[in-house]
Amino acid sequence: MSVHITSPQFKQNAREALADQPLQKALAKVGPGFIGKRAAAAEKLPEFEALRDSARDIKNHTLAHLDLYMERFEEKARAAGGHVHFAVDAAEARNIILGICRDLGAKTVTKGKSMISEEIGLNDHLEANGIQPVETDLGEYLIQIRGEGPSHIIAPAIHLNKEQVEADFRRVHADLPPERNLSEPTALLAEARGKLREKFLAADVGITGANFLVAETGTSIIVTNEGNGDLTQTLPKAHIVLASIEKLVPTLEDVSQLLRVLARSATGQEMSVYTTFSTGPRRAEDPDGPGDYHVVILDNGRSGMLAGQLREMLRCIRCGACMNHCPVYHAVGGHAYGWVYPGPMGSVLTPSLIGVEKGRNLPNASTFCGRCEEVCPVRIPLPKLMRHWREKEFERHLMPATQRTGLAVWSFLARRGWLYRPMTRMAMAMLALVGKSKGRFSKLPLAGGWTQYRDFPAPEGDTFQAQWAARKNVR
Amino acid sequence: MTSSRDVLFASIRTALGVSGAEAPRRQAVADRISGHPRGVIPARAELPPAGQIALFKEMVEAAAATLVHLPDASAVPAAIAAYLRARNLPLSILRGADARLANLPWQSEPALDVWIGPSDGRQLAGLSHAFGGIAESGTVVMLSGPDNPSTLNLLPDHHLVVVNAADVTGTYEEVWDRIRTLYGPGTLPRTVNWITGPSRSADIEQTLLLGAHGPRSLHVLLVGDA
Ligand code: SF4
């Protein structure tokens, strides 16, 4: 089965999120925490902006040669004793992984954090087939025991408060003494550490995502702060890596460039605590490590994005900076976006992956303030790509009739300057007259979508074009 | 029947408008892999050796790890015992068979129990020898191998790491070149762990806490001069 999608009801989701007190309390901490830390880390490294250019260029080069780097990765990973599988869509990836688990007679699998696993609904599929998946990233564990999806790509439980976590632990860890004190985050962390330690040691298979795949050496890389993904892949009989096609990078030098911007953009760290490079299974004389190593490379709609403007989105290294700096995300949180990927990157990626019909509301969930693009380490022009989807939406006749007619009238006029100028001048003068007393409108015909939540500023009385012409004459 | 592999490669090539056989593209990829250009290197990582050591120490501590600088390797067993005593831990440590650790003068600390092998999660303290240290970010680089179990890096509560000052480099790139010299081009050991400080999580209300799943403490024993 696949993940339940509520993106088409974005407006309703957003309304509910705004009224959700505990959520609003949790969201209030997002901006202040992440924004300052990223800024400080960028400040400390004079080469940070040059590294962002370098990161963008590496990704562009890789995407333009993606078929060839993928061939090289496959060859090197196999030479190291690994298995490489290709999955066109989510169902195929789920079945490949289920097959590997069954061949090994697996009963429980531990999992490192993987957004692609969320994307393909892997946990439900394993569970439905009698295999128990255990999320080991603390945030993922919290949402798993609550039966929720992630609300942020690097901090999946950012929507929760510690009181909620305490209540969940008391419910799920029922074997522990009820009188124990769990009021502090340290106590909660210690309890999770103890519970998950047992799972790490008992698991038959470990499944992780990959932050990068290195073509030069056939290596998969995961980056964690907890060490959970690293334990997940080291202790069991087999390590399965689930990665999408755009994770490829050419060389170890290239990945070092990307790692220099990843943690700084994400959490403001100089480097994440654990960066683990895995190449093949345990070697002949090795005292530990997994006996089997599989890499499942997933397309699920991404190859199509290579053809046009959306190729730029495939540069994304999933740092989360765009949502950390997004006023819309700060207001409504990640669940309102209705699928796996929230915030600005989700607004671009979701319609690409689940279709514009279901994801069409998301590119509109933007104030076009441009902060996401300012902080994106691989310089993805997120506002431009959201606009691309808005245009697509218009072309595909998916907009409500009033918006369509309005835009059609505007474009008719705009292409006929002799008509546009006098008409807009007249309209501005009228609006200025009517709105004069307050300087803004709280209601406007045909603009209810705007004025329902904010006032429309009244114009000063002349159009931009008329003012421009007047100023030109002055100069 | 076409395989998923064929479908996937074909759809990438269609989207890119290529066949995959174009010689200039193949050459560009081969050149990049063999030349592995370095890109932008931070100036802070290009200090002379003494500066690198000072920066390494500073960055290790900034990442919430602890560090002692010892004159030479013979001081390591005593430094380990001192670390364990200061924290009221049992005088017992698990290490890999690595000759650089085996050759330490363990007899100088008769009270210290030293075990050899991979960790099964029951040991409080583990000892490893790093392949290198990276000054730029205070990172230690661990390579897996017959004498260097990866589990020692992750399971014990306290991870103690010996780093030779001579193996501290400014950048990640210098470490890759050293590994290429040792293992050959395009080849890595099964696991390379970069470790920068002890395990942590900020998943509960963004409160940063040490000791999530990996070691709660990381202690670097820096040995000798650059
Ligand atoms: S779009 Fe850019 S800022 Fe957002 S997650 Fe991706 S890389 Fe980070």
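**Chains A and B at their interface**

Q: Which residue of S9(B) is the bridge partner of Tyr274(A)?
A: In this predicted model, Tyr274(A) has Ile195(B), a residue of S9(B), as its bridge partner.

Q: And how many bridges join the two strands, and which way do they run?
A: Strand S9 of chain A, residues 274-278, is joined to S9(B) by five bridges, and the two strands run antiparallel.

Q: OK, zooming out, how many residues of each chain are in contact?
A: On the chain B side there are 79 residues in contact with chain A, and they meet 103 residues of chain A.

Q: How much area do the two chains bury between them?
A: About 7,500 Å² is buried between chain B and chain A, with 58% of that area on carbon and sulfur atoms.

Q: What about polar contacts across the interface?
A: The rule finds 49 residue pairs in polar contact between chain B and chain A, counting pairs in which both residues have pLDDT 80 or more.

Q: Which elements of chain B give two or more residues to that side?
A: The helices are H1 (4-16), H2 (23-35), H6 (151-154) and H7 (172-183) of chain B, and the strands are S9 (191-195), S10 (200-201) and S11 (209-210) of chain B.

Q: Which of them gives the most?
A: H1(B) does, contributing ten residues to the side of chain B that touches chain A.

Q: How do the residues on that side divide by type?
A: The side of chain B that touches chain A has 34 nonpolar, 27 polar and 18 charged residues.

Q: Switching to salt bridges, how many does the rule find across the interface?
A: There are 13 salt bridges across the interface of chain B and chain A, and one salt bridge joins the side chains of Asp254(A) and Arg32(B), with an N to O distance of 2.7 Å.

Q: Why are Glu74(A) and Arg78(A) separated by about one helical turn?
A: Because they lie four residues apart in helix H5 of chain A, which covers residues 66-79.

Q: Last topic: what does UniProt place at residues 122-223 of chain B?
A: The unreviewed UniProt entry gives the feature "domain: LUD" for those residues, and over this stretch the chain is 16% helix and 37% strand, with its end C-alpha atoms 28 Å apart.

Terms used: Residues numbered from 1 in each chain as written. Chains lettered and ligands numbered in written order. Predicted model: local features only at pLDDT ≥ 70, side-chain atom pairs only at ≥ 80, totals over all residues. Heavy atoms only, no water. Contact = heavy atoms within 4.5 Å. Buried area = accessible area lost by both parts, 1.4 Å probe. Salt bridge = Lys/Arg side-chain N within 4 Å of Asp/Glu carboxyl O. Polar contact = N/O pair within 3.5 Å; in protein donor to acceptor, adjacent residues only side chain to side chain. Nonpolar A, V, L, I, M, F, W, Y, C, P; charged D, E, K, R; others polar. Pairing = 2+ DSSP bridges. UniProt positions renumbered as here; feature names shortened; annotations may be inferred.
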